[in-house]
Amino acid sequence: MKKWISLLAALLVATLAGAQNRLYYGGNISFGASSSGTSVVFYPEVGTRISNNLYAGLAAGFDWNNISSSSDFTMGLTPHLRGYLPLYGRFGLSGDAYLSGRWTRRRGYDPLIKSFTLGFRPGIYFPVGNVVLTTHIGYFGWNQTNYGNGNKTSGWQARLEARDILIGVMLNI
């Protein structure tokens, strides 16, 4: 665990050290409500432009889900590479390749649930001056989860749920 956090801290410092006039700040938010429950996702992020259409960043945030009889709260740390493919003027496709470490506390369940994901999030973006409006729609990737009681799961996943449709903003400085 300490190695994972040290690696992420070193990545962030290295990214920000060479980022003169290429920083961005932003984040994603999602809110879902249905008859079965509610979910909220909030992930602020910071990063740097590597080239015109490639960025490296780090997001840290939380998910809160209250679905049916279950409720959970998740903290996450996600370094990522984001690429943009301009299409028609002020519109294009985007994609995030990312690693994600997540720690979940579930109501009525004592052990801390730990998960690791290597994934990809496709999306659409709309640049407006120094501001970029973004969406991320679903994700697919490999996930491993340790439930803290000796049970583990791992495998490939593809998902498109309300909590996987994210709306975001990036401010390029």
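This is a dialogue on how to read some features of a predicted model.

Biologist: What pairs with strand 2?

Modeller: Strand 2 (residues 37-51) runs antiparallel to strand 3 (residues 54-67), and 12 bridges join them. T38 stands opposite N66 in strand 3. The link from strand 2 to strand 3 is a hairpin through 2 residues.

Biologist: And what does strand 5 do on the way to strand 6?

Modeller: Strand 5 pairs with strand 6, residues 109-128, in the antiparallel sense over 14 bridges. Here G95 stands opposite P122 in strand 6.

Biologist: Which residues in the hairpins take a positive phi?

Modeller: I will go through them in chain order. The hairpin of strand 3 and strand 4 has 2 residues between the strands, and S68 takes a positive phi near 50 degrees. Between strand 4 and strand 5 there are 5 residues, and G89 in the turn has a positive phi of about 60 degrees. In the hairpin of strand 5 and strand 6, with 2 residues between the strands, G108 has a positive phi near 80 degrees.

Biologist: Let us turn to charged residues. How many salt bridges are there in the whole structure?

Modeller: The general idea is that side chains of opposite charge can pair when their charged atoms come close. In this model, a search of the whole structure finds 4 salt bridges. One of them is between E45 and R82, whose side chains meet at 2.9 Å, N to O. E45 lies in strand 2 and R82 in strand 4, so this pair ties together parts that are 37 residues apart in sequence.

Biologist: Are E45 and R82 buried or exposed?

Modeller: A residue counts as buried when its relative accessible area is under 20%. E45 is at 7% relative accessibility, so E45 counts as buried. R82 is at 2%, so R82 counts as buried.

Biologist: What other salt bridge does R82 form?

Modeller: R82 forms one with D96, with the closest N and O atoms 2.7 Å apart. That pair links distant parts of the chain, as R82 is in strand 4 and D96 in strand 5, 14 residues apart. R82 and D96 are both buried. Taken together, E45, R82 and D96 are linked in a network of salt bridges.

Biologist: With which residue does R102 form a salt bridge?

Modeller: R102 forms a salt bridge with D63, where the closest N and O atoms are 2.8 Å apart. R102 lies in strand 5 and D63 in strand 3, so the pair ties together parts that are 39 residues apart in sequence. D63 counts as buried because its relative accessibility is 6%. R102 is also the bridge partner of G76, as said above.

Biologist: Now the nonpolar residues. Which of them make up the largest nonpolar core?

Modeller: That core has 6 residues in all: Y24, Y55, Y84, Y125, V132 and M170. Leaving aside residues up to four places away in sequence, Y125 touches several residues, among them Y84, L85, F91, L93 and V132.

Technical notes
Residues are numbered from 1 along each chain as its sequence is written. This is a predicted model: local features need pLDDT of at least 70, side-chain atom pairs count only at pLDDT 80 or more; totals for chains, interfaces and linings use all residues. Side-chain values use heavy atoms; hydrogens and water are left out. A nonpolar core is a set of buried Ala, Val, Leu, Ile, Met, Phe, Trp, Tyr and Cys residues joined through side-chain atoms within 4.5 Å. Buried means under 20% relative accessible area, exposed over 50%, partly exposed in between (1.4 Å probe, protein chains only). Contact means heavy atoms within 4.5 Å. Two strands pair if DSSP finds at least two bridges between them. Helices (H or I, at least four residues) and strands (E, at least two) are DSSP runs, numbered from the N terminus.
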